[in-house]
Amino acid sequence: MNKRISKLIILIMAFTFVFNFNYTYTFAADKELVTLTKEGQAVDSLNGVDAIYRPGSTDGSSATYSCAAYIKKYYKTMYGVTPMNLFYNRTPVVSGDKFIKVSSPRIGDIVAINTSRSTTHWAIVKEVKSDVVVLIEQNWKWKQGGKYVAQINREISISSATYFRLESENNKKVQEVKEVVTKEEVIKEQEVKDMETSDIISKEDVIREETVKKETIEK
């Protein structure tokens, strides 16, 4: 009986390993894989901020190559701030501003993907496509065919992650939308006024023309 239980446990563990391995690593098309050959290799870029890699095992704790390191570098370059608190199931924090959780991601938002190992993988939204987002990230690599490779342009469903945006950037976007709406309202109001003015001028022309005809007949 104990032998049967042991065999069953081994089978379950083997199945779990295979499933997890396939889930993590077998979704990348060859054209989306980059072979890692050197330190500081730029494999992807967003707004001039490169995602860099190096051959070797995970760089989860590296201040240069970790996933969190890219978040800090991107936001420092783009917004002049350094996100902190990039730990498991946390909300990023920053001095002088704050991050808010958003449900509709856009380019530049921070992506937080919680894993089954009670860790969070961090990335940036590179592109939004309908119900999926394209990521730019660091430390998304593995060994394949005797070489280390990294995947670029990885896509995930929007519902599978959490998204954070600087409140100042969110307010800026809201203000821009309000300004566009205001401008459209002003344009529409002016168009209505122009039409009313045009109608008045047309009526005056008709009256003037009728007056001229009447005077001509009387003469």
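Mentor: Start with the cluster: ring pairs link Tyr70, Tyr74, Tyr75, Tyr79 and Phe99. Rings of Phe, Tyr and Trp (its six-membered ring) pair if their centres lie within 6.5 Å; planes under 30 degrees apart count as stacked, over 60 as edge-to-face and the rest as tilted. This is a predicted model, where local features need pLDDT of at least 70, side-chain atom pairs count only at pLDDT 80 or more, and totals for chains, interfaces and linings use all residues. Residues are numbered from 1 along each chain as its sequence is written, and side-chain values use heavy atoms, with hydrogens and water left out.

The structure holds 4 aromatic pairs. Take Tyr70 and Tyr74: the ring centres are 6.1 Å apart and the planes stand at 35°, so this pair is tilted. Both residues sit in helix α2, 4 residues apart, about one turn of the helix. Helices (H or I, at least four residues) and strands (E, at least two) are DSSP runs, numbered from the N terminus.

Tyr74 also pairs with Tyr75, edge-to-face, at 5.8 Å centre to centre and 65° between the planes. Now check burial. Buried means under 20% relative accessible area, exposed over 50%, partly exposed in between (1.4 Å probe, protein chains only). Tyr70 has 0% relative accessibility, so Tyr70 is buried. Tyr74 is buried at 1%. Tyr75 is buried too, at 1%.

Next, step back to Ser66. Ser66 lies in the loop between β3 (49-53) and α2 (67-79). With 5% relative accessibility, Ser66 counts as buried. The Ser66 side chain makes polar contacts (N or O atoms within 3.5 Å; within protein, one must be able to donate a hydrogen and the other to accept it, and residues adjacent in sequence count only if both atoms are side-chain atoms). The side chain reaches the backbone oxygen of Ser62 at 2.7 Å. The backbone nitrogen of Ala69 is reached at 3.1 Å. Leaving out residues up to four places away in sequence, Ser66 touches Asp59, Gly60, Gln138 and Asn139. Contact here means heavy atoms within 4.5 Å.

One more ring: Arg154 lies over the face of Trp140, 3.5 Å from the ring centre. A charge sits over a ring if NZ of Lys or CZ of Arg is within 6 Å of the ring centre and within 35 degrees of the ring normal.

For the setting, the chain has 3 helices and 11 strands. Of its 219 residues, 32% count as buried.
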